[in-house]
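Biologist: I'm new to this one and would like to learn how to read it. Could you put it up and walk me through some features?

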Amino acid sequence: MQIIRIDETDSTNRWLRGFLSTTPSNGAGPSSSESQGKALSDAVVVVADYQTAGRGQGANTWESERGKNLTFSIGFSPAGISASQQFVLSMAISVALIRTLRELGDVSIKWPNDIYVGKRKICGILIENTLSGSHIKDCIIGIGLNVNQTVFLSDAPNPTSMALESGHEWEREDVLQSVLTHFGTLLNNWDAEAIRTSYRQQLYRREGSHPYRDTNGPFEATLLQVEDDGHLLLRDTTGQVRRYAFKEIIFIL
């Protein structure tokens, strides 16, 4: 695995995409004909001390104080993983982060891949896949994890950090290596069904009835399932099952 450390960039995903496009000999991983076990060992990881325009899903941005948090992207070729399993990669990195952060207590995955401690967001993930036929050619996973930041200035409604939750600062390098180790283990021992099970067991709001909003307005519902392709299934108070793609539903916090 190649780890590149840079002082500043607008977005680690954009930086890494550009780097990989101009250095084909250092590609993001093995070809699909090689073993899945090499998927992350041949990865390229870029870690920025500061992001000026960190990206979230859609038009969202990510606030991160210089030198306090982890903003990094992982580029690799997920050998032998089909395009139909794209969402399993999202599940896998979410599970890896949960395993890294589990000592913080009530850590969960807010669908599709935000990481929460209680009702507060500690981590965001942005995944960009390039497909070739029926397989994933390459994958770039961008992660913004709040580690030691304790003051947040943006209008984000519910940020938190490892330091705020634990009461002490953390070594960012140790946290990074933990995420990469857990993710590498999941890739090397690729078991899509086991990853799906772990992801679903850690879902935010997996129990009880909670408020949501869609284009028709607010409603109460229980979480039924996250389907293999990533769609969210909810059952409202009338018994109707509602199915949503990302950005079609808002969690009312």
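Biologist: Let me start with a single side chain: is Phe19 buried or exposed?

Modeller: Keep in mind that this is a predicted model. Buried means under 20% relative accessible area. Phe19 has a relative accessible area of 18%, so it is buried.

Biologist: And how does Trp15 count?

Modeller: Trp15 has 27% relative accessibility, so it counts as partly exposed. Trp15 and Phe19 both belong to helix H1 (residues 12-22). They are four residues apart there, about one turn of the helix.

Biologist: How are the rings of Trp15 and Phe19 arranged?

Modeller: For ring pairs, look at the angle between the planes: under 30 degrees counts as stacked. The planes of Trp15 and Phe19 are at 10°, with the ring centres 5.3 Å apart, so this pair is stacked. Across the whole structure, a search finds nine aromatic pairs.

Biologist: Which residues do ring pairs link into a cluster?

Modeller: Tyr116, Tyr204, Tyr212, Phe219, Tyr244 and Phe251. Over the ring of Phe219 sits the charged end of Arg242, 3.8 Å from the ring's centre. Phe251 has the charged end of Lys110 over its ring, 4.5 Å from the centre.

Biologist: On to sheets. What is the order of the five strands in the open sheet?

Modeller: The general idea is that strands of a sheet pair through backbone hydrogen bonds, either parallel or antiparallel. Here the order is E11-E10-E9-E8-E12, and the pairing is antiparallel. At the edges you find strand E11 (241-244) and strand E12 (250-251); each has a single partner strand, so one side of each is left without a neighbour in the sheet.

Biologist: How many bridges join strand E8 to strand E9?

Modeller: Six, between residues 209-214 of E8 and residues 217-226 of E9. As an example, Arg213 has Pro218 in E9 as its bridge partner.

Biologist: Last topic, the inside. Which residues have the most contacts within the largest nonpolar core?

Modeller: Ile74, Phe76, Ile93, Ile143, Leu145 and Phe183, in a core of 62 residues. Helix H2 (residues 86-101) supplies the largest share of this core, 11 residues. There is also a second, separate core of nine residues, with Leu16, Leu20, Val44 and Ile140 among them.

Biologist: What is Ile74 in contact with, leaving aside its neighbours within four places in sequence?

Modeller: The list includes Leu40, Ala43, Val45, Ile93, Cys139, Ile143, Leu180 and Phe183.

Note on methods: Residues numbered from 1 in each chain as written. Predicted model: local features only at pLDDT ≥ 70, side-chain atom pairs only at ≥ 80, totals over all residues. Heavy atoms only, no water. Core = buried A, V, L, I, M, F, W, Y, C linked by side-chain atoms within 4.5 Å. Buried < 20%, exposed > 50% of the residue type's maximum accessible area, 1.4 Å probe, protein only. Helix = DSSP H or I, 4+ residues; strand = E, 2+ residues; numbered from the N terminus. Contact = heavy atoms within 4.5 Å. Pairing = 2+ DSSP bridges. Phe/Tyr/Trp six-rings, centres within 6.5 Å; stacked < 30°, edge-to-face > 60°. Lys NZ or Arg CZ within 6 Å of the ring centre and 35° of its normal.
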